[in-house]
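Biologist: I have some questions about the words used for this model. Please set each value against its definition.

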Amino acid sequence: DFDPALGMMTGIPPLNPMMPGLGIVPPPIPPDMPAVKEIIHCKSCTLFPPNPHLPPPATRERPPGCKTVFVGGLPENATEQIIMEVFEQCGEVIAIRKSKKNFCHIRFAEEFMVDKALYLSGYRIRLGSSTDKKDTGRLHVDFAQARDDLYEWECKQRMLAREERHRRRLEEERFRPPSPPPVVHYSDHECSIVAEKLKDDTKFSEAIQTLLTWIERGEVNRRTANNFYSMIQSANSHIRRLVNEKAAHEKEMEEAKEKFKLALSGILVQFEQIVAVYHSASKQKAWDHFTKAQRKNISVWCKQAEEIRNIHNDELMGIRREEEMEMSDEEIEDPPEMKETEESALVSQVEALKEENDSLRWQLDAYRNEVELLKQEQGKASRDEDTTKEQQMKLLQQALQGMQKHLLKVQDEYKKREAELEKVKEEKLKVEMLLANLKEQVRALPLFCASLSRAGAPETDVCVFFSAGIISTFLHVHPFGASIEYICSYLQRLDSKV
């Protein structure tokens with residue numbers, strides 16, 4: 001990210017791609033080689049580079065959108081003009097905020113100018129030719145956090161996000177399928193047009209969709225009922241045309257099936273001839289005259305041809321079975337229509353016997369090939385069966401272990417529930433005992449008060465004692481206490497004189 005404009009500073013020659021020894025692109029600087037910094041002369045001051053063997057100055061993490069730098073180690077006599085003179089070579093300076101101490105903050109116009117300013121970190125500055133301590137210092141340049149930079153960066157990010165959303169929306173709209181055209185509103189003129197379209201096979205789909213939309217909108221009323229009935233009647237008459245079209249397609253499919261069946265039977269005849277050639281070549285007369293490699297090739301070719309022939313034979317037999325099933329279904333549905341004459345029945349039986357004979361011969365060859373393959377694969381199958389049995393046993397053992405664990409969990413839960421139930425029963429018995437004691441105390445209070453009154457105690461003392469007993473019973477029932485108003489209301493319910 002080196003900017004050629006950095007070469008405008010005094011003492012740093014600009015990099016020229018056309019310099020001798022350099023190609024069109026300058027060679028990259030190795031990371032181990034320290035960058036050579038030179039003395040920078042300004043009008044009011046001079047900047048001396050740091051020792052190239054020292055490690056680079058440490059910097060903080062770069063804030064997002066940083067355009068502001070912190071500059072420390074300034075001379076005490078440095079002014080804003082001198083600072084501007086040094087750092088305006090890095091780029092356009094927007095603002096300088098200088099402190100009374102030896103540091104300041106500089107805000108640039110662009111972010112890349114901050115990297116140029118960091119290049120000056122570590123330089124020793126000297127004002128004029130003075131060697132006074134107040135006129136010298138060592139610059140320390142670092143990234144600075146500024147609210148203005150963060151705000152501009154956030155605004156820029158929001159703008160980029162808006163542009164990205166806009167671009168994505170345009171892409172989605174471009175790939176979105178077009179919406180169907182809107183359905184026109186019902187009128188007598190549009191009704192006549194739709195009725196004509198319903199009679200045309202090419203425009204029927206469009207017209208039936210319009211009719212459906214009108215009915216769903218609720219356009220049917222007493223005035224338009226006859227028009228809608230005529231359109232529905234036209235839609236019903238289209239069913240006949242669809243049935244005829246389906247019958248035509250079925251006829252074409254049957255013709256194509258017949259062509260395919262004839263072609264397949266011809267292919268099977270040729271396969272039979274080829275297999276016969278292989279079998280005759282495998283006989284002792286001709287087999288002894290072939291070399292070992294030729295015999296191997298002939299046997300491989302014979303197996304391949306027999307496999308392909310068997311596949312085609314199965315396909316042809318499947319087609320014939322389907323036809324026989326269709327014929328049987330038709331005979332069950334329409335028995336009087338499918339009667340044939342005796343001659344045609346005999347001819348069909350002869351053809352069926354021929355086909356069965358051919359199919360049996362083909363099946364016999366296929367069975368022979370399958371027996372040979374089974375003999376070869378018998379050893380492999382036995383190993384596979386052993387492995388499958390072991391896997392099944394492992395799966396069954398895992399399932400049994402899982403069921404045992406589940407059963408133990410259920411037993412533990414059952415024991416816990418039984419213990420909880422016993423505790424609840426004990427608590428219930430205690431509460432019942434407490435209620436019985438309270439009832440006995442309440443019953444004994446009036447009798448005790450009556451005995452006090454007979455013994456000559458004042459009526460007020462009897463009432464006070466009676467009320468105190470009721471309150472103690474009431475509070476016994478309310479272990480967390482009760483307010484005085486609540487107790488008074490309870491006493492007033494028992495005796496209105498309280």
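Biologist: What makes Arg 223 and Asp 188 a salt bridge?

Modeller: The closest N and O atoms of Arg 223 and Asp 188 are 3.8 Å apart. A salt bridge is a side-chain nitrogen of Lys or Arg within 4 Å of a carboxyl oxygen of Asp or Glu, so the pair counts. One caution: this is a predicted model, where local features need pLDDT of at least 70, side-chain atom pairs count only at pLDDT 80 or more, and totals for chains, interfaces and linings use all residues. Residues are numbered from 1 along each chain as its sequence is written, and side-chain values use heavy atoms, with hydrogens and water left out.

Biologist: Where in the chain do Arg 223 and Asp 188 lie?

Modeller: Arg 223 is in the loop between α5 and α6, and Asp 188 is in helix α4 (residues 188-198). They are 35 residues apart, so the pair links distant parts of the chain. Helices (H or I, at least four residues) and strands (E, at least two) are DSSP runs, numbered from the N terminus.

Biologist: Why is Arg 223 called exposed, and why is Asp 188 called partly exposed?

Modeller: Buried means under 20% relative accessible area, exposed over 50%, and partly exposed in between (1.4 Å probe, protein chains only). Arg 223 has 58%, so it is exposed. Asp 188 has 46%, so Asp 188 is partly exposed.

Biologist: What makes Lys 67 and Glu 152 a salt bridge?

Modeller: Their side chains meet at 2.8 Å, N to O. Lys 67 lies in the loop between β2 (45-48) and β3 (68-72), while Glu 152 lies in helix α3 (residues 147-175). The pair therefore ties together parts that are 85 residues apart in sequence.

Biologist: Is Lys 67 buried or exposed?

Modeller: Lys 67 has 15% relative accessibility, so it counts as buried.

Biologist: How many salt bridges does a search of the whole structure find?

Modeller: The search finds 13.
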